[in-house]
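Open the model in your viewer and keep the selection tool ready. The tour goes stop by stop.

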Amino acid sequence: MIYKMKKILPLFIVTTALFCENLILPNQNLFLSRYKTLEYIYSKDRNIEDIAEFHSKIIDIYTKEFGFKLDDKLYVILNSNNNQLANAISTQIPLNSQFLYNGGASYIDYFCFNSWIKNLIIHETSHNFQLNPKENIISKSASKVVKNSPFMYILGFPIFPIPNIMINPFILEGNAVLNESRFGNGGRLYSGYALAELVELANNNKITPNLMYNKTLNFPYGEKSYLIGGFFQKFLADRYGIKRVNSYFKLYSKQLVPLYVNATFKAHFKKDFETLLQEFVKDIKRRHKDYKRAKGEELIDTQIYVPMNRSSNGDILFLIGNFRDYPSIASFNGKKLKLKKDSYRVGEVFKIDGKYYTKSTAKTSPIKIEFGLFDNRGYIKKGTQGKAVEGFLNDGRVVYFDINNSFNIPQIYIDGIFYDSANSSVFIDKNDIYYFKQNKNIRTLYKNRKALFKYRGYYGFVTDVRGDNIYFIAPTKHGSGIYIFNGKEIKRAMSGDNIIDFKLIDKKRALINTIESNRYIYKIAKLNPRASKIAEYKEIKFKNTIKELKSVKLKSKKYTPLKNLKYSSLNQNFEYDSNGELIFNIGANFSDPATYNIANINIFKDNNKIVGGAEYENRENIIKFRGGVYGAEYKNGEESIGYRINLETPIAKRGYYSANLGIEYLKEYDSTQRPATLYLNIEDSRKFGISKYPSSLNSINLFLTDDRDNFLYGFRYKKLFQFGYQNFFEFNLESKRSDKLDIKREKGIKLDSTLDNIFQTPLQIEVLNIDKSRYVKNINSFEIGLYKSFDTPLYYFSFPLSMQRTTLYTKYKRFNIRDFTQTTFGIESDIVFFNNGVVPIRFEYIKTPYGKDNELFRVLTGIDF
């Protein structure tokens, strides 16, 4: 039996190109302005003059609280209205940067903000301060040389130029949510939904070090890092003060090997992490001992939460799913529940002219990501582009948040005409429009621009109206509940601190959505109104209000990515082989702040050769250019050059479908082949939630190649589909043809046991376990595979390895060459290293009738190259 370990990239090192690919779309037409320590890169539809001074004040406050100055300029990329996402990214890789997106209006009930852009600035800037410190001499010295490399080895010893990259999201995101909630701009710590989730998990003993400080597949999934982590950070700040909490990150970065959480907590807070988390849970249970779950008849449960809606005939619509498969649209008429399972994007459900849509955001073209209503094919409904649709008036006019104009405060429009600003979702009853507006910490309910009542707080939205009764979700003392306003007084509609959504069924009953420790549950509950007040608002005691600031005048100029190319990192690895010979790989990386241009210079040495080269990628325009040149010098004195030129453009991106057309010319440094290739890749991929594989995948790759007067062509087709719970079937078909066969001149299709070349070409095909490379004139193969994935929640806090999920699989592959078959049995485990990085590790046993040894056992891990 032959044992093989495939080459892998070093743990936690991801190529800059892969990381940057989705940060910004092409064709953005950007400009550049500088203000103090900030450099803004933005499109003309962004007004940075209104936010620059606020941004600078946040940096000044964080500099004092975190205890240091950022060691590099902060690059802030404000994406255009062609990039509509309710998201933002703060990163040290490739540069000290923020990428801010416009799309928060559709999620205002969840984020509880006054201003979306201020919320992003406060939250993301805290991340820059969390990750930036380097307080040990090794990291500080290394970062001056290797810049923003996250991780490196020198003779087997690990070095962390960015030590805080090892901090778990439970601390990072929790601290950012704490900070977003203390500047008078609302924030998730004021959310009744978040409080209910916290109490549920605490009461059911699910706030433990191993579950919080790991990347798990447990409900409520990644949300725990933000919400539970945020309340934990507030607990620490209440006890120790905000400066002590924020300065934790400076102390953590003093570690040479930044993996010791308990020790750092004990040095900083005088108690270790496990002890403080346990005290936090006890405190939550004590303060919320009167918490009550809402009672009712269970209708259905789900792992997905989106707001309920109504169809024109009065049926209640919502989306459910297990977060691992196709979701289902649920339609409930008060008596019968109907389910329609299909590839809907996660979002609020609408039924228009008998057809279902969900409110979401997705790519609608190669250069646009837009909000709108999407059908089961992933196609956006015409006329809803750039709109977070809230509903329709009786006469058919659409009411929506205009995403383009909502980067600050969400703006309500009716059929293209501005109506009002709002700080909650909008509820429409016939021709009446209900919404909340925010003035500092005062929340006011409006009906048709007329104020009805107000309370202190940031959380609340209308869910239904009947007659004079307005039903709305608002905070309770222990979570989230449903209230009634009848024009004169406020009542609780029913008891329950975990009610997060509500729709009336009739005069006495309602369908409520409740959150519990492991799921959301839709229940049919009886109304039981009683006099009540909305829970008293409590301001975070370490609040830091920034007064209204005037706009500043900034000079701007056209942003030229190539002119702004900067040295970003140096990846390197040195080791000795079994013969004591030095092997190394060094790569210097360069990027512009917007990541449109990426370049690197590499030197690689093994026991046979030294290879040096340079690569460059430009994706500023819709046609992406990649090029590279490599030179090799062998021990025997021979020299060789390889090069590559590639142009690729997306020709379609609609719904779940995409198609890319490309041309490439290359020569490998260790080959005489010079293929010029035209290729077309078409794919329809539908993956939902945390599923291991897509629930449906259809792809075909076509190519035509000319190699020194030899014409080659071929295709690869792949189909994968899910059946049952996390079961998958795969079918692959591949065919390649060559006009000529000349082994000496390397003409034909090359069969190779491993494809570890720098440049892979369509002239190659992998055939495992063959004795040596060979050439054929044509090759066909088909492969079938069966996969079974299941959660294996073995999570540990102190031990460096945990397990998320395991997949068992078997595959059979056959070639059109006699006796060339492969039968594979494998097991793959998703391993969590040091509570953070998830790396799949596969163990495969392969039976082959050909080759010197008919059996092959191999271990594959990380990212193959």
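**Stop one: a strand residue and its patch**

Select Ile663, which lies in strand 40. Keep in mind that this is a predicted model. Is Ile663 buried, exposed or partly exposed? Its relative accessibility is 43%, so Ile663 counts as partly exposed; the class runs between the 20% limit for buried and the 50% limit for exposed.

Now widen the selection. Colour by element next. Strand 39 (639–654), strand 40 (657–667) and strand 43 (711–723) each give two or more residues to this patch.

**Stop two: an aromatic pair**

How many aromatic pairs does a search of the whole structure find? The count is 67. For one of them, select Phe66 and Phe129. The ring centres are 5.5 Å apart and the planes meet at 35 degrees, so this pair is tilted. Stacked would need under 30 degrees, and edge-to-face over 60.

Trace the chain between the two. Phe66 sits in helix 2 (residues 52–66) and Phe129 in helix 4 (residues 116–131).

**Stop three: charges over rings**

Go to Arg492 and Tyr483. The charged end of Arg492 sits over the Tyr483 ring, 5.5 Å from its centre. Then pick Lys558 and Phe31. Here Lys558 lies over the face of Phe31, 5.2 Å from the ring centre.

Notes: Residues are numbered from 1 along each chain as its sequence is written. This is a predicted model: local features need pLDDT of at least 70, side-chain atom pairs count only at pLDDT 80 or more; totals for chains, interfaces and linings use all residues. Side-chain values use heavy atoms; hydrogens and water are left out. Rings of Phe, Tyr and Trp (its six-membered ring) pair if their centres lie within 6.5 Å; planes under 30 degrees apart count as stacked, over 60 as edge-to-face and the rest as tilted. Helices (H or I, at least four residues) and strands (E, at least two) are DSSP runs, numbered from the N terminus. A charge sits over a ring if NZ of Lys or CZ of Arg is within 6 Å of the ring centre and within 35 degrees of the ring normal. Buried means under 20% relative accessible area, exposed over 50%, partly exposed in between (1.4 Å probe, protein chains only).
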